[in-house]
Amino acid sequence: YKNNMKNIVYYNSFQNKNITLPSVFKKDRPKKFFFFGDSFADLHKERSFSWTLKVSDHFNATAFNWGMGGASEQSIFYTFAKTVNEERDFTFIFHTHPHRSDKFFNSKSLPMTSSFFKKWDEMITFPCLHLYWADYSYQFTNGKTLLCSFDFQSIETCPEDCIHHMTIEDNYLFSEQVIDKVTDMLNHKKT
């Protein structure tokens, strides 16, 4: 395993420390899966019941995770754009509420307009799944879309074994939905 990617460092006020991205799990596997997003994709220590790791396990992939709790669409785009030229087998972008403001990379000047999303869409030249927990204002044409409809668990009400605002069971069920969607996408790519 060799990682030549440039790291991205941001300050996480919840943990009161700098976080270096990507977090890499399941090293030395033949495939590379990239995960971007807010807390629905955020993973900085290995938690076997995370939907991201269940999906990576299923496809025998190394998981590169750029998720950030509290990330805005601008932050998600920023981390995505920094890696756009990196080779990968699949990309997962867990989009957030379009009106959440950026607090990590001072990218408030990036307007969340349809022309901005169209430019982002044009940058996607590899298999990609767009995931949402909230309404979305732009339908990406490059990649497929999946809505996460499981019961949202807030930090205050989340059980101790909760991650990505979902229980262990919901992480498993969501991972099954993602695996089905990815399998379908990969099967159609081969034909």
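Seven of the ten residues of H2 are buried (under 20% relative accessible area, with a 1.4 Å probe and protein chains only), so the helix is largely enclosed by the rest of the structure. The model is predicted, with local features requiring pLDDT of at least 70 and side-chain atom pairs counted only at pLDDT 80 or more, while totals for chains, interfaces and linings use all residues. Residues are numbered from 1 along each chain as its sequence is written, and side-chain values use heavy atoms, leaving out hydrogens and water.

The buried residues of H2 are Glu73, Gln74, Ser75, Ile76, Phe77, Thr79 and Phe80. These residues pack against strands E1 (8-12) and E4 (31-37), as well as E6 and H3, where contact means heavy atoms within 4.5 Å.

Helices H2 (residues 73-82) and H3 (residues 114-123) pack with their axes 12 Å apart, at an angle of about 30 degrees. The two helices are therefore roughly parallel to each other (angles under 35 degrees). At their contact, Glu73, Ile76, Phe77, Phe80 and Ala81 of H2 meet Phe116, Phe117, Trp120 and Met123 of H3. The residues of this contact comprise eight nonpolar, no polar and one charged.

In H3, Phe116, Phe117, Trp120 and Asp121 are buried. Viewed down the axis of H3, these residues fall within an arc of 140 degrees, so they line one face of the helix. Their cover includes H2 and strand E6 (90-95). On the other side of H3, Lys119 and Glu122 are exposed (over 50% relative accessible area).

Terms used: Axes fitted to C-alpha atoms, helices over the stretch in contact; angles between N-to-C directions. Helix = DSSP H or I, 4+ residues; strand = E, 2+ residues; numbered from the N terminus. Parallel < 35°, antiparallel > 145°, perpendicular 65-115°, else oblique. Nonpolar A, V, L, I, M, F, W, Y, C, P; charged D, E, K, R; others polar. Arc of directions from axis to C-beta.
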